[in-house]
Amino acid sequence: MENLSPEVQALITTIVYLDCRMEAILQLLAERGILLEPKEVRAAAHKIHSIQGEVKRHQIACRIKDPNFDIGY
């Protein structure tokens with residue numbers, strides 16, 4: 001990853017973090033006896049993306065351009 005620009009490294013870090021966060025949420029729900037079907041999760045994600053996708057895209061683009069990028073933002 002050392003050959004990648006800081007922006008691309010930040011983007012990869014963001015993607016991995018969000019994937020891990022989603023997995024953690026699903027695991028916590030499962031531990032509490034709440035199992036969600038992958039189709040349900042995808043459908044909900046698509047719905048949220050269609051409403052908030054542009055705003056979130058802009059926020060992430062601003063974050064990865066920040067020289068003080070921190071995943072804990």
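Contact here means heavy atoms within 4.5 Å. The structure is a predicted model, in which local features need pLDDT of at least 70 and side-chain atom pairs count only at pLDDT 80 or more, while totals for chains, interfaces and linings use all residues. Residues are numbered from 1 along each chain as its sequence is written, and side-chain values use heavy atoms, with hydrogens and water left out.

Setting aside neighbours within four places in sequence, isoleucine 64 is in contact with Glu7, Ala10, Leu11, Thr14 and Phe69. Isoleucine 64 sits in helix 2; helices are DSSP runs of H or I with at least four residues, numbered from the N terminus. Its relative accessibility of 16% puts isoleucine 64 in the buried class, buried being under 20% relative accessible area with a 1.4 Å probe and protein chains only. Along the chain, isoleucine 64 and leucine 11 are 53 residues apart, yet 6.3 Å separates their C-alpha atoms.

Threonine 14, one of those partners, belongs to helix 1. Threonine 14 is buried too, at a relative accessible area of 3%. Residues up to four places away in sequence aside, threonine 14 touches Ile60, Arg63, Ile64, Phe69 and Ile71.

Now for the helix pair itself. Helix 1 and helix 2 pack at about 145 degrees, and their axes are 13 Å apart. Axes are lines fitted to C-alpha atoms, for helices over the stretch in contact, and angles run from 0 to 180 degrees between N-to-C directions. On the helix 1 side, the contact is made by Glu7, Ala10, Leu11, Thr14, Met22 and Leu26, and on the helix 2 side by Val41, Ile60, Arg63 and Ile64. These residues split into seven nonpolar, one polar and two charged, where Ala, Val, Leu, Ile, Met, Phe, Trp, Tyr, Cys and Pro count as nonpolar, Asp, Glu, Lys and Arg as charged, and the others, Gly among them, as polar.

That leaves the largest pocket. A pocket is an open set of points on a 1 Å grid over the protein atoms alone, where a 1.4 Å probe fits, with protein on both sides within 12 Å along at least five of seven lines; lining residues have an atom within 4 Å of a point. The largest pocket is lined by 29 residues, with Leu18, Met22, Ala45, Ile48 and Lys56 nearest its centre. Helix 1 (6–31) and helix 2 (38–65) each supply at least two lining residues, and helix 2 gives the largest share, 15 residues. The lining divides into 16 nonpolar, six polar and seven charged residues.

Technical notes. Buried < 20%, exposed > 50% of the residue type's maximum accessible area, 1.4 Å probe, protein only.
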